[in-house]
Amino acid sequence: METPEQIRDRLLARFPGAQVTVVVNGSPSAQHSLLVDAAHGREMAGFLRDDPVLKLDQCSNVTGVDWPEKEVVETRKTTVPDPAGGTPKIIEEKSKRIEPGCLEVVYHLFSVALRHGPVVLRMRTGNRTDAVTLPSLTPVWRSCEFQEREVFDLFGVKFDGHPDLRRILMWDAFKDHPMRKDYVEPDDYEWEPTPHGDVLAKAKKHFPAPAAPAAAPTPPTATA
Amino acid sequence: MDQIAPTTVPITDAERDELRRHGILLTGLEELYNWGRSRSVWPLNFGLACCAIEMIAASMAKFDIARFGSEVFRPSPRQADLLIVSGTVTKKMAPQVVRLWNQMPEPKFCIAMGACAISGGPFKQGYNVLKGIDRFIPVDIYIPGCPPRPEALLHGLVQLQEKMRGQTISGPDAPRHLRADLDCDCPIPEFGEHDLEPPQNDILFQPPASPVRTPKA
Amino acid sequence: MQDLSPGGAHVRAVHDEFHGDLLEVSMGPHHPSTHGVFRMVVTLDGERIVKLKPVFGYLHRNHEKLGEGTSYLGSMPYTDRLDYLCSMTNNWAYAVAVEKLAGLTVPERAEYVRVILAELTRLLNHTCLAGFLMQDCGCSGTPLMYAFREREKILDLFESLSGSRMMCNYQRFGGCRVDPPADWLARAQTLVDGYTAFLDEFEALLTGNEIVMARTQGVGCMSAALAVSAGVTGPALRATGVAHDLRKVDGYGVYPRFNFRVPLGAHGDVYDRYMIRVLEMRESVGILQQALAGLPGGPIMNPAAKLRGFRPKAGEAYGRIEGPKGEIGFYLISDGSPNPWRYRVRPPSFINLTILEDMCLGHTVADAVIILGSVDIVLGEVDR
């Protein structure tokens with residue numbers, strides 16, 4: 001199979017004006033991916049599916065990834081020559097920069113006909129609040145239909161051109177997108193005698209230990 | 001049923017055995033009633049998750065729940081006596097489980113099978129997982145395990161039968177269905193914007209108080 | 001290019017002899033034939049299905065969110081509970097993904113043990129599925145009883161090896177948890193030797209049965225092109241005639257050393273999906289014989305593998321294997337911390353349901369039940 005760089009070059013030649021970058025994967029799996037711009041996403045996906053060399057006829061896996069905005073601390077070193085003629089001083093300047101967050105959708109493409117893959121395709125939204133629309137690839141691969149609904153439900157990415165974009169796992173009235181990293185879950189933990197560490201931490205928030213000895217716990221009202 | 005006076009057995013067990021040897025069966029109404037219903041519990045054919053497979057296994061050849069009179073799994077809640085909550089109850093599923101419980105006629109019983117049905121189990125920290133079905137419906141028997149083995153389910157069923165045999169049919173300790181002052185229906189929670197509304201049935205479930213460490217003198 | 005969009009031209013023409021009112025029926029989430037808490041909103045014209053919308057999420061237990069909050073090893077027991085009939089293959093798929101992410105190798109003996117356990121799981125799953133499918137067809141009792149009798153024998157093996165009947169939690173990154181002792185292997189050999197006789201008995205009951213054939217042939221057909229586009233994998237894909245078995249395509253583990261065939265269907269109907277599974281079980285018995293005969297000695301774990309404090313360096317990996325239900329894959333993104341930044345399961349039964357509506361349109365409600373049964377879903381994996 002072609003390398004991601006070769007696919008990128010062919011895509012750029014075929015779609016002038018499009019943006020395609022190879023995202024290098026540092027792990028031993030070496031599954032490098034192609035980051036494509038949303039404006040040309042669907043045309044490029046159709047090209048990858050129909051291209052006789054690649055023939056990526058199966059979109060196996062669609063998933064979202066949440067990248068919240070994060071603070072990046074950059075250290076810049078400057079060398080200041082000592083006016084007295086001694087050794088030059090090194091001054092470290094620290095600058096803080098907020099890297100904007102985004103939501104990312106990852107598609108794993110395989111070829112059933114030619115038995116190769118994966119080609120990993122990624123698209124990113126502008127931010128995590130209002131510019132969250134990406135083109136739907138359901139017209140290209142049917143398998144994206146439910147998986148894109150899932151990404152919409154859990155991450156809040158809106159897919160333009162999806163035939164039936166509704167929540168799929170949570171109920172329709174639900175407002176949050178629970179797979180986002182900043183999702184706050186409802187606090188309905190009770191105190192239990194032998195809790196898991198994280199459960200205990202959450203339960204303590206809900207049931208702070210009273211300062212004075214409290215009365216014995218009230219038994220649940222017997223109804224059975 | 002309120003008019004029935006408490007049944008008393010004026011003869012000893014030895015005398016009863018003597019009568020039985022002569023082909024005369026002497027029993028009380030309460031004993032007969034409880035014996036009959038405890039030996040013919042019909043569970044609802046209702047599987048939720050992993051535990052449902054073990055529930056099916058309990059009804060199959062090797063474990064054979066029919067030995068305890070409970071092989072008649074009814075698909076309709078109208079015909080069932082026993083709700084086996086076999087698996088994780090999610091918040092999306094909880095209103096349906098409560099509705100099924102309300103649709104079952106009295107006398108009815110509930111077994112919480114497995115860690116998830118008891119407290120949320122390994123999935124307790126999930127945002128969509130109900131942390132125990134006893135927040136919405138009254139539970140009679142809890143069976144721990146993830147999943148409990150079929151033998152554990154059978155043990156739970158035997159325990160339930162014990163419980164049924166110990167019930168009196170009149171007086172202040174009479175079960176729910178024989179009393180006019182208790183409402184048998186549980187309110188069905190509704191889907192809210194972030195969670196179920198209400199998140200629990202406060203009459204049935206009150207979270208235990210957190211432990212208090214007395215300061216050292 | 002053929003139009004494969006939902007409701008496109010490939011959808012078979014719905015018969016419209018009667019122009020009465022349409023009836024909307026909600027099947028599930030409590031319905032004895034939906035294999036759990038699955039719901040279908042079916043619109044009927046008379047008895048024929050004109051629209052079918054699956055509703056998911058009734059068993060959505062937040063597997064992926066929990067996976068991001070726990071360590072890599074901590075997610076292994078959760079994978080047991082995905083497809084709770086096939087914990088061994090789920091374990092293996094997750095181990096493959098993590099091994100790709102961290103660049104771990106697996107000793108030869110562990111690869112053989114994994115093949116043995118995966119093929120036992122395949123026997124277990126396909127046997128149970130055949131029983132459940134016949135239950136859905138209305139053949140209440142006998143086939144499922146037979147299937148569960150065999151299931152108990154395989155579960156006894158799993159229990160003596162891993163300590164648990166269903167939730168085995170047996171595979172580790174870079175090997176397996178315990179070395180199977182000699183008497184375990186002898187018991188496995190006995191089971192494998194006897195399985196062909198059981199399959200003969202089972203098939204004598206079902207395969208040539210005229211009622212089964214009348215009930216299942218020509219029902220729920222899917223075309224090969226649509227199946228590939230919809231990401232259908234596993235026996236459901238091979239029933240349409242597409243030779244796509246990851247044991248051959250990817251050749252993961254030590255599968256290239258074994259001699260086995262991939263059964264293919266021709267029509268893609270319910271009967272083909274049943275037959276593919278029966279034939280696959282016979283091939284699995286062959287693989288098991290070869291694997292048990294050729295099991296090498298040596299360590300069961302890669303000594304370089306680190307279970308506690310496991311922190312793969314930043315990167316990502318997608319690993320997949322051929323589970324009994326189809327391609328089960330795990331997609332992991334590591335940011336160098338002990339927990340994965342993103343933990344994603346590629347659930348075969350969920351994606352195989354994408355074209356459930358296309359398969360059911362024009363059929364009756366009773367057919368929808370067996371079509372769903374033949375896709376082979378487990379709700380723990382569909383909703384995760």
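**Exercise 1. Describe the order of elements in chain B of this predicted model.**

Solution. From the N terminus on, the elements of chain B follow the order α-α-α-β-α-β-α-β-α-β-β. The totals for chain B are 6 helices and 5 strands. Next, take the extent: the C-alpha trace of chain B spans about 65 × 50 × 45 Å along its principal axes. Then consider the contacts in chain B with a separation of 6 or more: 77% of these join residues 24 or more positions apart. Finally, of the 217 residues of chain B, 40% count as buried.

**Exercise 2. Find the buried residues of helix α4 of chain B, and explain why they lie on the same side of α4(B).**

Solution. Step one is to list them: within residues 94–103, the buried residues are A94(B), V97(B), V98(B) and W101(B). Step two is the arc: these residues lie on the same side of α4(B) because they cover an arc of only 95° around the axis. Step three is a general point: an α-helix has 3.6 residues a turn, so residues three or four places apart point the same way. Step four is the cover: β1 (82–86), β2 (109–113) and β5 (196–197) of chain B are among what covers the buried residues of α4(B).

**Exercise 3. Describe the side of chain C that touches chain A.**

Solution. Begin with the counts: 41 residues of chain C are in contact with 30 residues of chain A. Several elements of chain C each supply at least two residues of this side, including α3 (87–102), β6 (315–323) and α12 (348–352). The most comes from β7(C), with 5 residues. By type, the residues of this side of chain C divide into 20 nonpolar, 11 polar and 10 charged.

Definitions and conventions
Residues numbered from 1 in each chain as written. Chains lettered and ligands numbered in written order. Predicted model: local features only at pLDDT ≥ 70, side-chain atom pairs only at ≥ 80, totals over all residues. Buried ≥ 20, exposed ≤ 12 C-beta atoms within 10 Å, placed from the backbone. Helix = DSSP H or I, 4+ residues; strand = E, 2+ residues; numbered from the N terminus. Arc of directions from axis to C-beta. Contact = placed C-beta atoms within 7 Å. Nonpolar A, V, L, I, M, F, W, Y, C, P; charged D, E, K, R; others polar.
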